[in-house]
Each structure stands twice: as structure tokens, then as C-alpha cells.
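Trainee: I'm new to this one, could you walk me through it slowly?
Mentor: Gladly; have a look first, and then ask whatever comes to mind.

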Amino acid sequence: MTHHLDGNVLAGALSEVFASDVTAARGRCAGCGQTSPIAEAMVYTDAPGLVARCAGCDQVLATLVDAGDRVILSLAGLTAVELRR
Amino acid sequence: MLSAGPTPRVDTADWELVLRDETGADHRWSWDELLALGVEDVTVDIHCVTHWSRLDMSWRGVSLDKVFEDVESEHEFVMAHSYGGYTTNIPLEDLLDGKAWIAIEADGGPLDPEHGGPARLLVPHLYFWKSAKWLRGLTMMPDNDPGFWEQYGYHLYGDPWKEERYW
Amino acid sequence: MRARPAWHVATVTETRQETPTAARLVLDVPTWPGSVAGAHLDVRLTAPDGYQASRSYSIAASAPAAPGTPGRVVLAVDEVPDGEVSPFLVHDVRVGDQLELHGPLGAFFVWRPGEDDRPVQLVGGGSGVVPLYAMAAAHGAAGDETPFRLLYSVRTPADVYFADELAALAGPSFTLDLVWTRKAPDDRPGPVGRLTRESLAALTVPADQRPRVFVCGSTGFVETVAAWLQELGHAADDIHTERFGGLT
């Protein structure tokens with residue numbers, strides 16, 4: 001199978017756009033409603049961008065495309081993200 | 001280069017291509033029926049969006065002209081669907097006139113699952129993310145709706161000569 | 001310590017073979033802010049044509065830069081055959097070479113001294129021991145008395161990462177258990193074979209002590225161990241996982 005990694009590997013790319021570490025944040029999956037740390041999502045990197053899927057139901061939680069001078073981020077599969085101050 | 005989830009494992013005995021036309025009617029081909037349309041040798045250059053190109057790569061596949069031969073459509077766009085849920089949008093004219101194939105072999109052997117087997121789209125004049133792996137269906141669309149990566153940042157068309165990578 | 005991740009230029013000051021397939025790299029990083037045990041960083045390589053590839057590696061040890069002293073980062077990199085980054089780091093990097101780093105990264109799979117007095121169980125497979133070694137070393141350096149236990153599943157004695165360092169850490173508050181999957185040491189013959197649920201149960205802090213558990217290894221290893229831990233009564237929230245994965 002295509003190997004997936006943990007949401008931990010998103011930390012580098014997300015740190016360029018968020019002030020705090022988002023991988024430690026919990027998010028709610030828009031597919032199954034499960035709430036879990038972004039770090040526990042399944043991340044597929046062998047793709048045109050990074051794809052984070054819910055470890056519970058496989059729903060695409062987030063995508064991140066590195067467009068050189070821009071980063072295009074989708075959090076469309078997360079109904080909410082809890083960020084610590 | 002195009003996977004966005006677990007690699008689907010599809011046996012050719014279970015494989016099926018479904019082409020949904022603008023009336024919603026489905027045209028279906030089993031693996032053997034697809035091959036019976038005629039498999040041809042194709043040698044083309046491919047261009048990956050991550051800056052590499054591979055020249056003179058040898059493939060074998062079925063021309064999409066054969067697949068669309070008996071399908072009447074006023075719709076000008078196609079959404080390709082993959083086993084595993086991935087989609088990509090392509091104008092119909094980019095799939096016809098000898099410009100695109102359903103590839104079943106590369107470099108002299110069957111396409112393995114990691115490379116999109118048993119069958120993938122091969123649209124060499126567009127960036128390679130448009131050449132959907134694990135092809136299972138083609139749906140005619142009236143509008144150029146974005147596919148998976150096109151929703152998430154990639155270019156709606158993807159011409160490598162114009163470097164149409166991102167939005 | 002909450003260091004904001006940044007890009008750094010590192011200079012390789014030492015390379016050595018860590019295991020038959022892995023290298024240890026010691027790096028001078030003048031701008032390094034230090035890192036929490038368990039954190040990782042991204043190494044970015046740029047080819048002459050501009051193509052870039054980056055991969056994440058756990059930080060085995062690090063020290064922040066101080067006036068007059070560059071920061072220091074220690075990595076242990078396992079070669080992924082046909083990989084884009086690891087073969088270069090294992091075979092081609094030389095002392096004096098410069099590397100681009102982005103980090104420190106990750107606030108999830110980390111351990112800080114004094115944060116929690118529950119016991120800690122570490123479970124590592126193969127090169128997945130690297131961030132767990134960092135935690136055990138931080139625990140030792142802080143003189144933290146939280147009970148720590150590391151279960152390390154590894155092929156043969158030659159494949160053990162940080163073998164001397166781990167042996168030196170063993171003591172009243174740190175227990176090291178090794179499971180040999182291919183070959184046991186000649187001088188300490190013992191069972192050889194894959195980790196089982198029974199050996200996991202026997203060699204880890206029991207669930208009724210509510211340990212915080214950190215599991216790192218290949219995807220298959222982590223998923224198997226995490227499922228067994230839950231069957232053994234550990235709460236899902238107590239199990240932190242980090243997979244590394246056959247990424248080429």
C-alpha cells in the first residue's frame with residue numbers, strides 16, 4: 001500500500017502559516033465526528049500535495065499544496081479545530 | 001505521484017469502466033471488453049508537476065477515441081473518477097483525436113497498483129496529475145467543475161508548456 | 001520552552017555509522033533554539049536544477065545556541081532504499097557540508113520533565129527509537145524520577161541505535177527491555193521473534209498504573225502495538241503514536 005505517515009509530519013509546512021503548532025491541536029472530522037489531534041491523522045505525502053485523512057473514517061480532513069511563493073491550505077474536512085493559546 | 005490515500009488493489013476480473021453520458025446513462029466495459037477495443041503502443045513524454053519530465057516513455061493502452069466512439073454528448077467536460085475516490089477534470093477535446101489513452105502497460109509490463117494499475121488515464125500533453133491512476137469512471141459534465149487537486153490548489157487545466165501548476 | 005520553528009543552515013561536524021543501514025550526523029546550527037525531547041525537523045535538499053525534496057527526522061539530541069557556541073543537533077538517519085533524501089544523508093554527506101533544516105517541529109509527540117508524574121512507557125521499533133531515546137536522555141539529564149521504561153523491538157544487536165547511550169541511562173528510574181526479532185546477542189542468548197501481545201504485556205508498565213505511552217516505528221508496528229495496548233486496557237488518549245513510513 002501507499003504508506004501514510006502521522007499528522008506530525010505536517011508540522012513543518014503548517015508552521016509557516018500558523019503561529020502555534022497546529023499538529024497538537026484537536027480537530028473534529030466532518031465525516032464521522034471523531035475528535036482527535038491533527039498529529040494522529042493519516043498523512044499521504046506521495047501526491048501533488050499533502051493529504052491528511054481521518055484515522056477513523058478516511059475522510060479527507062485537510063490538504064496542503066506548496067505553490068512555491070504560496071501555500072494553499074484546505075481544512076474543509078474539519079468542522080472545528082481547537083487551538084491552545 | 002498522484003495518490004491521495006491508500007493504494008487501491010483492483011483485480012482485472014473485478015475491474016470495470018463506467019462512462020456516464022449527459023443523459024445519465026451508463027456505458028460499461030469489463031477488462032476484456034476494454035482490451036477488445038484495441039490496444040496500441042504509445043511512446044510519449046510525461047511532465048510531472050514537481051518539475052521532472054520523462055521523455056519517450058513507452059506505454060500500451062486503449063485510445064479514448066475508441067471509448068467515446070458510440071457516446072453522443074453535447075457536454076464539453078469530463079470528470080475522471082478513480083478507485084479510491086480521487087477525481088480530476090479534463091475538457092473532452094483533450095481526451096479525443098489521439099491525445100489520450102487508458103493505459104494498461106508501461107515500460108513493457110502491466111501497470112502495478114503503485115503506478116495506477118490495472119488501468120490509468122494517460123493524457124501526456126497535460127501535467128501528470130491529470131493522468132488519473134486507478135481509473136474506474138468517466139462522467140460527462142456541462143461545466144468544467146474542479147476535481148480533487150483542482151479544488152485544493154492545482155490549476156483547472158494544467159498545461160505544462162504554460163507552467164499551469166497552481167490556481 | 002516554545003521555540004518558534006525557523007529555517008536554519010547547519011554544518012555537518014561528525015558522521016558515523018549508527019547501524020548497518022543508518023548514520024549518525026552531528027550538526028552545528030548557529031541559530032538553533034533548542035528543542036523538546038521527541039520533536040522533529042525537516043531536512044531540505046536542493047538539486048542543481050532547483051528540485052527540492054524534504055523529509056522529517058526525529059531529533060536524537062540537541063542543545064541551543066549560546067553566545068560563542070553554535071547550537072548542536074544530532075540525527076540518526078536510516079536509509080530508505082531508493083529514497084530521495086536518506087541515501088544522501090547516510091552515504092554522501094561529509095564533514096563540512098551544509099544542510100537546510102526547518103525546526104524544531106511538533107508539539108504532540110514530545111515529553112517535558114516535570115510536566116506529569118505518571119509513569120512513561122516508550123515502545124520503539126527499529127529506527128523509531130530515535131525520539132524515544134531523546135525522551136529517555138532528557139529524563140536522565142533532568143534527574144527526573146518519573147518511572148520510565150523503554151521496550152525496543154530491533155532485529156539484531158548490531159541494529160540497536162544509541163546502544164551505549166541507552167545502556168548508560170539504565171538505572172532506578174529507567175528500564176530498557178530489548179526484543180530481538182532476528183538474532184539475540186551471543187553472550188545473552190534469549191528468545192528471538194516478533195513482538196507479541198503477550199510479551200508486550202509482560203514488558204510494559206501495566207494499564208492500571210495509567211502510564212503515558214509513546215509508540216514510534218513503522219506504520220505496521222505502530223498500528224499493531226497501539227491496538228494491543230488498547231486491548232490491554234490502555235486508554236486511547238494515553239497512547240501517543242508516531243509512524244515513519246517507507247517514504248521514498
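Trainee: What percentage of the 85 residues in chain A is buried?
Mentor: Buried residues make up 52% of the 85 residues in chain A, where a residue is buried if 20 or more other C-beta atoms lie within 10 Å of its own, exposed if 12 or fewer, and partly exposed in between, with C-beta atoms placed from the backbone. Please keep in mind that this is a predicted model, in which local features need pLDDT of at least 70, side-chain atom pairs count only at pLDDT 80 or more, and totals for chains, interfaces and linings use all residues. Residues are numbered from 1 along each chain as its sequence is written, while chains are lettered from A and ligands numbered from 1 in the order in which they are written.

Trainee: How many helices and strands does chain A have?
Mentor: Chain A has one helix and eight strands, and from the N terminus its elements run β-α-β-β-β-β-β-β-β. Helices (H or I, at least four residues) and strands (E, at least two) are DSSP runs, numbered from the N terminus. The radius of gyration of chain A, taken over C-alpha atoms, is 12 Å, close to the 12 Å that the globule rule (2.2 Å times the number of residues to the power 0.38) gives for 85 residues, so chain A is as compact as a globular protein of that length.

Trainee: Which way does β4 of chain A run relative to β5, parallel or antiparallel?
Mentor: Strands β4 (residues 42–44) and β5 of chain A run antiparallel and are joined by three bridges, and two strands pair if DSSP finds at least two bridges between them. A:M42 stands opposite A:R53 in β5(A), and a hairpin through five residues joins β4(A) to β5(A). On to β6(A) (residues 60–66), four bridges join this strand to β5(A), again antiparallel, with A:T63 as the bridge partner of A:V51.

Trainee: And where do the side chains of β5(A) point?
Mentor: A:L50 and A:A52 point one way from β5(A) (residues 50–53), whereas A:V51 and A:R53 point the other way, and all are buried.

Trainee: What is the phi of A:D58?
Mentor: A:D58 has a positive phi of about 80° although it is not a glycine, and its place is in the loop between β5 and β6 of chain A. Most residues other than glycine have a negative phi, and most peptide bonds are trans. A:D58 counts as partly exposed because it has 16 C-beta neighbours inside 10 Å. In chain B, B:W134 also has a positive phi, about 50°, but B:W134 counts as buried, with 26 C-beta neighbours inside 10 Å.

Trainee: Where are the cis peptide bonds?
Mentor: One joins B:G117 and B:P118, with omega about 10°, and B:P118 lies in the loop between β8 (109–110) and β9 (120–122) of chain B. Another runs from C:G103 to C:P104, with omega near -5°, and C:P104 lies in strand β7 of chain C.

Trainee: Changing topic, which residues touch the most other members of the largest nonpolar core?
Mentor: Of its 138 residues, these are A:L10, A:V43, B:I102, C:Y133 and C:A136; a nonpolar core is a set of buried Ala, Val, Leu, Ile, Met, Phe, Trp, Tyr and Cys residues joined through C-beta atoms within 7 Å. Helix α2 (residues 130–141) of chain C gives the most to this core, with seven residues. Domain 1 (6–105) and domain 2 (120–244) of chain C both give residues to this core, so it lies between them, and the domain bounds come from an automatic or database domain assignment.
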